[in-house]
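Keep the view open while reading.

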Amino acid sequence: MKKVIKFLSASFLFAVMALNANLAISADYKVGFIYIGPPGDHGWNYQHDVGRKAVDEAFGGKVETVFQENVPESADAERVMTQMALAGADMIFATSFGYMDPVINVAKKFPKVKFEHATGYKTADNVSTYSARFYEGRSVVGHIAGKMTKSNTIGYVASFPIPEVVRGINSAYLAAKKANPNVEFKVIWIFTWYDPAKEADAAKTLISQGADVILQHVDSSAIMTVAEEAGVYAFGQASDMSAFGPNAHLTAIINGWAPYYVEKVKQGMAGTWKGGEQTFDGIGAGMVIIGELNDKIPASVKKEAMAIRDGIASGTLHSFTGPINKQDGSPWLKAGETADIGTLLGMNFYVEGIEGDIPK
Amino acid sequence: MDLSEINFAVLVASLIVASTPLVLAALGELIAEKAGVLNLGVEGMMIIGAVSGFIVGVETGSAYVGIIAAAVAGALLSLLFSFIILIMQANQVASGLALTIFGLGIAALMGHPYTGIKSPQISTISIPILNEIPILGTMFFQHDLVVYLSLISVLTVWYFLTRTRAGLILRSVGEDHNVAHSLGYRVKTIRFLAITFGGAMAGVGGGYLSLVRVPQWTEGMTAGAGWIALALVVFSGWRPFRLLVGAYIFGGITILQLNLQAIGVNINIAVLSMAPYLATILALVVISMSRFRGNRGAPGCLGTSFVKTT
């Protein structure tokens, strides 16, 4: 009887593994990636996939990478990561905020597998997090937006009211306001990272209400397409989107994950990788890259934008430098004071001047 | 908050664009249901139309060719449904659900190389003179061909169903297929034609989504529009003009909530996001309550298989 059970369970395991053939890995070091959308989004997921390909290239045949796209931020994520770990992955990059709890759960079950979670804040012995200071890039595009708007109305399509997104809105607003004191922000929350139809509707709405520059913190290139058609300006999100709007595309905030991924895989192979670390890099480290500037931007504005970029990179400039008040008028930063990392990572308030409420 | 910041002419114009896929798909389903066929595969036929229209549009460089391809693709997928329910006599509800699942899957497969590509543009056709009327011109007379086509289709379907002999025959097949059969009408042929029309219309609705409204191909981009279309058919009491109104209410509130957010209205956004669904359901309930006297327009043989007995 025992033999029968053994045989049955073995064949069951074999069947499961055969089903997961696309995840089965055979090289020396195996790295898995899970994406929230398709790598063909030309945005967030595309850039993570660029990073994955950089890992492929950097180590030749020694490292094999696999990826799973369109993984929902739910129990599905746990299932997919468990499958990857069972299939022999040594390191797993979970590339969206909502994978946070699934990563922690799966990491408990597989203490030998190393987990890297993007934009989260929970760590463990075998879980490190990494995020980029996108807000630094938003200072640069905010300045350009403030200078380029003629209606003084800037539209902002936002995804979820999490600190990362709120931080981006504040940073862009402060820079735009400095460049153009008359500027006003209109924010629409669409509660999804990736839904081209919703993103397009939101952008059209903002344009109909007078916005002539659109910023986005959602993943698809639909907004760029809409902006091009309507003859307004927009910025590429996560990667260069100029193909979707050659006239509309002023520049892009590009996510540079490749150096980080290569470095972490190298550490993993050498045994020097550590869990519990929280990386938070920006323009200086190359994790946030400002794309090419459209020639529609006047030379003087280009120069100012580059000065902001270089100032942030060298550390002489900080996106959040006081005096800054919170939306309700209460003081946040004194003159010359810069924001501390804790407040930035948990940011849940608008700065003074932005209208509307952050949804709860 | 300043309501005057909302441009209502543009709001109406964009609600029409947002509702057009629903109008098209629901009209097709209305004809199928009037013939007694409940096809729950609208979502599947829409998405297959969306992906095929997009692929053909990109390859040929013409959005119009894309729209035609979307119609053909939707109709082709509906052939499968016709075969299963008319010839194999399978259960319509289960077959329709299967069609949706199948359509979503195969569309994802077909569309994979086409994510993140730009589609050819479809130009708007301003109707001369009328488009210069202030406000109304912006609202109704500066749209693309498909929008006008959807409105003409509403009129045509209404005329066909209520004013023509062919429409009467179609309805009789839906009301009682045995009687229609004994009168010498070809029940299966008529149902087959109705299903094919439904497929083509759902396909065009999907094609409009990927070629005009977004315009891009994304996996699962219909995002439940097919189900809304199905609900609209019931909500309208199987009447084309009410269907149009229902679709515009749904699209209108979807667009309105974005506008309210942009002007900074202090309403819980979760409430705003569910408003279109709530409003449509509410309208549905109100209408059906006021019409409990007798026939609500549901075809007598809706969802039942026809088996020739004599």
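In chain A, α5(A) and α10(A) are roughly antiparallel to each other. This is a predicted model. Two packed helices are described by the angle between their axes and the distance between the axes. Here helix α5 of chain A covers residues 134-148, and helix α10 of chain A covers residues 299-314. Their angle is about 165°, and their axes lie 9 Å apart. Angles over 145 degrees count as roughly antiparallel, hence the description. The crossing of α5(A) past α10(A) is right-handed.

Which residues make this contact? From α5(A) come Glu136(A), Ser139(A), Val140(A), His143(A), Ile144(A) and Lys147(A). From α10(A) come Val301(A), Glu304(A), Ala305(A), Ile308(A), Arg309(A) and Ile312(A). By class, six of the contact residues are nonpolar, two are polar and four are charged.

Now turn to where the chains meet. Chain B gives 29 residues to the contact, and chain A gives 30 residues. On the side of chain B that touches chain A, two or more residues each come from α1 (8-34), α9 (187-213), α11 (240-262) and α12 (269-290) of chain B. The largest share, five residues, belongs to α11(B). This side of chain B has 14 nonpolar, 11 polar and four charged residues.

Last, look at helix α2 of chain B, residues 42-60. Is α2(B) enclosed or exposed? Of its 19 residues, 16 are buried, so α2(B) is largely enclosed by the rest of the structure. At 1.5 Å a residue, α2(B) should span 27 Å. Its end C-alpha atoms are 26 Å apart, which agrees. Gly61(B) follows α2(B), with a positive phi near 80°.

Conventions
Residues are numbered from 1 along each chain as its sequence is written. Chains are lettered from A and ligands numbered from 1 in the order in which they are written. This is a predicted model: local features need pLDDT of at least 70, side-chain atom pairs count only at pLDDT 80 or more; totals for chains, interfaces and linings use all residues. Two residues are in contact if their C-beta atoms, placed from the backbone, lie within 7 Å. Helices (H or I, at least four residues) and strands (E, at least two) are DSSP runs, numbered from the N terminus. Ala, Val, Leu, Ile, Met, Phe, Trp, Tyr, Cys and Pro count as nonpolar, Asp, Glu, Lys and Arg as charged, and the others, Gly among them, as polar. Axes are lines fitted to C-alpha atoms, for helices over the stretch in contact, and angles run from 0 to 180 degrees between N-to-C directions. Angles under 35 degrees count as roughly parallel, over 145 as roughly antiparallel, 65 to 115 as roughly perpendicular and the rest as oblique. A crossing is left-handed if the near helix is turned anticlockwise from the far one by less than a right angle, and right-handed if clockwise. The expected span of a helix is 1.5 Å times one less than its number of residues. A residue is buried if 20 or more other C-beta atoms lie within 10 Å of its own, exposed if 12 or fewer, and partly exposed in between; C-beta atoms are placed from the backbone.
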